[in-house]
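User: I would like to go through the terms used for this structure and check each against its definition.

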Amino acid sequence: MMHVVHRHTGWIEVICGSMFSGKTEELIRRLKRAMIARQKVAIFKPKVDTRYSTTEIVSHDKQKIKSIVVESPQEILEKALEAQVVGIDEAQFFDDSLVNICQKLANMGKRVIIAGLDQDYLGKPFEPIPQLLAVAEYITKTHAICVVCGNPANHTYRKTKQKDKVIVGASNIYEARCRNCFHAPEEDEEEEK
Ligand SMILES: Nc1ncnc2c1ncn2[C@@H]1O[C@H](COP(=O)(O)OP(=O)(O)O)[C@@H](O)[C@H]1O
Ligand SMILES: Cc1cn([C@H]2C[C@H](O)[C@@H](COP(=O)(O)O)O2)c(=O)[nH]c1=O
Ligand SMILES: [Zn+2]
């Protein structure tokens with residue numbers, strides 16, 4: 001009879017959705033539960049996001065958890081060697097090398113939980129989240145509430161005319177909108193003509 005040995009495996013979980021949809025709250029919830037179970041947890045966020053704190057991940061509703069600020073995905077790999085669970089917030093601000101690094105971490109037997117925006121303010125896919133969705137074992141799509149009509153919101157509307165893809169901000173610049181109430185800013189400009 002063949003004897004199959006089941007090796008402990010790691011995996012990738014992605015939490016994605018619009019701004020204000022509860023990605024960070026869900027990430028914090030999962031990480032706190034792992035900590036309660038005395039698992040070794042390492043939490044990271046990119047240097048570009050210093051919105052609320054440099055030492056913590058902070059949700060829009062002020063829930064917090066200690067985190068390490070890193071400049072690159074390679075730094076996550078180096079600093080997560082001892083961890084059983086790896087949390088990464090604002091993953092859309094990392095370059096595409098994050099995908100390979102998360103695969104490596106999962107192949108090392110770690111649980112990797114990633115939160116990030118799946119679309120930018122134009123409604124375009126926000127890399128590297130779409131690539132991470134392709135390789136993840138588990139995917140959670142979170143929804144905010146459309147501030148115009150109250151439907152589930154899958155989009156992030158930018159209230160200013162800034163055109164850079166990356167503009168760090170919160171409700172001062174952005175709002176959650178549903179499919180019906182969202183339109184890309186170019187459409188605003190068309191209407192103004
Ligand atoms: N339009 C909205 N819909 C739902 N929650 C909102 C909205 N605007 C602000 N919030 C707040 O944002 C919180 C979610 O924050 P957070 O987890 O940081 O979201 P994300 O990481 O997806 O941006 C909610 O619990 C709520 O307090
Ligand atoms: C849509 C969009 C957002 N951003 C920025 C704005 C915030 O700093 C983060 C998202 O934070 P959250 O935890 O999901 O609320 O991303 C951006 O730079 N470009 C965009 O198109
Ligand atoms: Zn709406």
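User: What makes β6, helix α3 and β7 a right-handed β-α-β unit?

Analyst: Two sentences on the source come before the answer. The model is predicted, so local features need pLDDT of at least 70 and side-chain atom pairs count only at pLDDT 80 or more, while totals for chains, interfaces and linings use all residues. Residues are numbered from 1 along each chain as its sequence is written, and chains are lettered from A and ligands numbered from 1 in the order in which they are written. As to the unit, β6, helix α3 (residues 97–107) and β7 make a β-α-β unit that is right-handed. The term means that, with the strands pointing away from the viewer, the path from the first strand over the helix to the second runs clockwise. Helices (H or I, at least four residues) and strands (E, at least two) are DSSP runs, numbered from the N terminus.

User: How do you know that β6 and β7 are paired?

Analyst: Strands pair if DSSP finds at least two bridges between them. Between β6 (residues 85–88) and β7 there are 4 bridges, and the two run parallel. In this pairing Ile88 is opposite Ile114 of β7. Strand β1 (residues 11–17) is also joined to β7, by 7 bridges and in parallel, with Glu13 opposite Ile113.

User: Why is β7 called largely enclosed?

Analyst: A residue is buried if 20 or more other C-beta atoms, placed from the backbone, lie within 10 Å of its own, exposed if 12 or fewer, and partly exposed in between. In β7 (residues 111–117), 7 of the 7 residues are buried, so the strand is largely enclosed by the rest of the structure. Both sides take part: Arg111, Ile113, Ala115 and Leu117 point one way, Val112, Ile114 and Gly116 the other, and all are buried.

User: Is Glu90 buried or exposed?

Analyst: Glu90 has 21 C-beta neighbours inside 10 Å, so it counts as buried. Glu90 lies in the loop between β6 and α3 and has a positive phi of about 50° although it is not a glycine.

User: What about Lys62, buried or exposed?

Analyst: Lys62 has 7 other C-beta atoms within 10 Å and is therefore exposed. Its place is the loop between β3 (56–58) and β4 (64–66). Lys62 also has a positive phi, near 70°, in a residue other than glycine.

User: Why are the buried residues of α1 said to be on the same side?

Analyst: The buried residues of α1 are Lys23, Thr24, Leu27, Ile28 and Leu31. They cover an arc of only 125° around the axis, which puts them on the same side of α1. The arc is that of the directions from the helix axis to the C-beta atoms. An α-helix has 3.6 residues a turn, so residues three or four places apart point the same way. Exposed residues Arg33 and Ile36 are on the face of α1 turned away from the buried side.

User: What makes the span of α1 close to the expected one?

Analyst: The expected span is 1.5 Å times one less than the number of residues. Helix α1 (residues 23–36) has 14 residues and reaches 20 Å from first C-alpha to last, close to the 20 Å expected. After α1 comes Arg38, with a positive phi near 60°.

User: What makes the peptide bond from Glu127 to Pro128 cis?

Analyst: The bond is cis, with omega near 10°. Pro128 is in the loop between β7 and α4 (129–135).
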